[in-house]
Amino acid sequence: MTKNKFTVSSFLESKKKKHNISMLTAYEYSTAKLLDEAGVDSILVGDSLGMVMLGYDNTLQVTMADMVHHCKAVTRGVKRAMVVGDMPFLSYHVSVEESIKNAGRLVQEANVSAVKLEGGKEVIDKIHGIVKAQIPVMGHLGLTPQSVNMLGGFKVQGKDEERAKVILEDALRLQEAGVFSIVLECIPEKLAKVISEKLDIPTIGIGAGKYCDGQVLVTQDMLGMYTDFTPKFVKQYASLGNNIKESVERYIEEIQIGTFPTDAHVFGISESVLEKLY
Ligand code: KIV
């Protein structure tokens with residue numbers, strides 16, 4: 001795929017050209033820079049930061065201030081990938097006006113190129129408002145973590161006919177409302193296939209199988225850094241958690257036995273200056 005900046009148009013073009021879109025999460029500058037340099041198409045500043053960065057049990061305590069702070073750090077590290085900022089719980093539930101203002105903050109203060117929000121028909125008026133304000137919106141259906149208390153836990157969604165139909169209808173409604181892409185989280189692979197085939201916009205799967213038009217994972221999960229809970233759909237491409245622990249153990253040991261620091265890590269001073277200090 002092109003080395004040019006990845007944009008909303010690139011999302012739509014990718015579906016036509018059958019280029020599978022790659023997306024990962026990032027929450028700060030250094031990781032975002034590495035992901036961008038590696039060539040990922042899009043970076044999501046997910047509200048999953050509540051769990052993997054801030055140590056909460058779920059995403060509900062994440063605030064707009066948290067999102068602005070982390071989105072700012074990420075966009076400073078990214079040149080090519082399209083950065084999407086998650087709208088946190090309650091930032092788009094109260095009114096259309098408030099939703100537009102909050103989406104606008106992520107664009108104006110934190111420089112993201114699009115926002116993502118969770119939900120189906122209940123958020124259509126908010127999507128309309130935000131898109132009318134010229135802010136691209138990504139949808140999110142299936143397992144929507146901000147509804148964890150209503151869903152009764154982090155469970156696969158859309159297994160029965162009624163729920164599967166609701167997710168499909170919501171996907172069509174979201175497309176009609178103007179979203180440029182939809183994340184499908186934790187739904188059966190064949191349901192994701194039907195939805196992806198019926199939509200003109202690309203679907204981005206997480207736990208939704210290979211027929212989606214792109215994939216997203218939480219970076220800390222795929223690098224083996226977040227070990228509190230590893231969902232079935234995660235593939236670990238590295239064990240950075242173990243690497244970090246081993247490196248820190250070696251560092252502690254070398255301090256104890258005096259093999260760090262060495263001459264390579266210190267600064268000199270002339271003898272004449274030194275003499276004057278005694
Ligand atoms: O918050 C997040 O990281 C997400 C992804 C899991 C899609 O919404």
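Leaving aside residues up to four places away in sequence, Q157 touches G142, L143, L151, R163, I167, C186, I187 and P188, where a contact means heavy atoms within 4.5 Å. This is a predicted model, in which local features need pLDDT of at least 70 and side-chain atom pairs count only at pLDDT 80 or more, while totals for chains, interfaces and linings use all residues. Residues are numbered from 1 along each chain as its sequence is written, and side-chain values use heavy atoms, with hydrogens and water left out.

Q157 sits in the loop between helix 7 (148-151) and helix 8 (161-177); helices (H or I, at least four residues) and strands (E, at least two) are DSSP runs, numbered from the N terminus. The relative accessible area of Q157 is 8%, so the residue counts as buried, a term that means under 20%, with exposed over 50% and partly exposed in between (1.4 Å probe, protein chains only). A polar atom of the Q157 side chain lies 3.0 Å from the backbone oxygen of K155. Although Q157 and P188 are 31 residues apart along the chain, their C-alpha atoms are separated by 7.6 Å.

**Helix 6**

Within helix 6 (residues 124-132), the residues I124, K126, I127, G129 and I130 are buried, and their cover includes helix 5 (96-108), strand 4 (114-116), strand 5 (137-142) and helix 8. Just after helix 6, Q134 adopts a positive phi of about 70°.

Y251 belongs to helix 11 (residues 240-257) and, because its relative accessibility is 47%, counts as partly exposed. Together with M225, I244, V248, I252, I255 and F260, Y251 forms a nonpolar surface patch with about 610 Å² of accessible area. Such patches are made of residues with over 30% relative accessible area and no salt bridge, nonpolar side chains (Val, Leu, Ile, Met, Phe, Trp, Tyr) being joined within 5 Å and like charges within 9 Å; a salt bridge is a side-chain nitrogen of Lys or Arg within 4 Å of a carboxyl oxygen of Asp or Glu. Accessible areas come from the Shrake-Rupley method with a 1.4 Å probe, and for residues only the protein chains shown count as cover.

**The chain as a whole**

The chain is divided as tabulated below, with bounds from an automatic or database domain assignment.

| Domain | Residues |
|---|---|
| domain 1 | 8-239 |
| domain 2 | 243-275 |

The C-alpha centres of domain 1 and domain 2 lie 44 Å apart, and the C-alpha atoms of the chain fill a box of roughly 80 × 40 × 35 Å along the principal axes. The chain has 12 helices and 8 strands, and buried residues make up 48% of its 278 residues.

Definitions and conventions: Polar contact = N/O pair within 3.5 Å; in protein donor to acceptor, adjacent residues only side chain to side chain.
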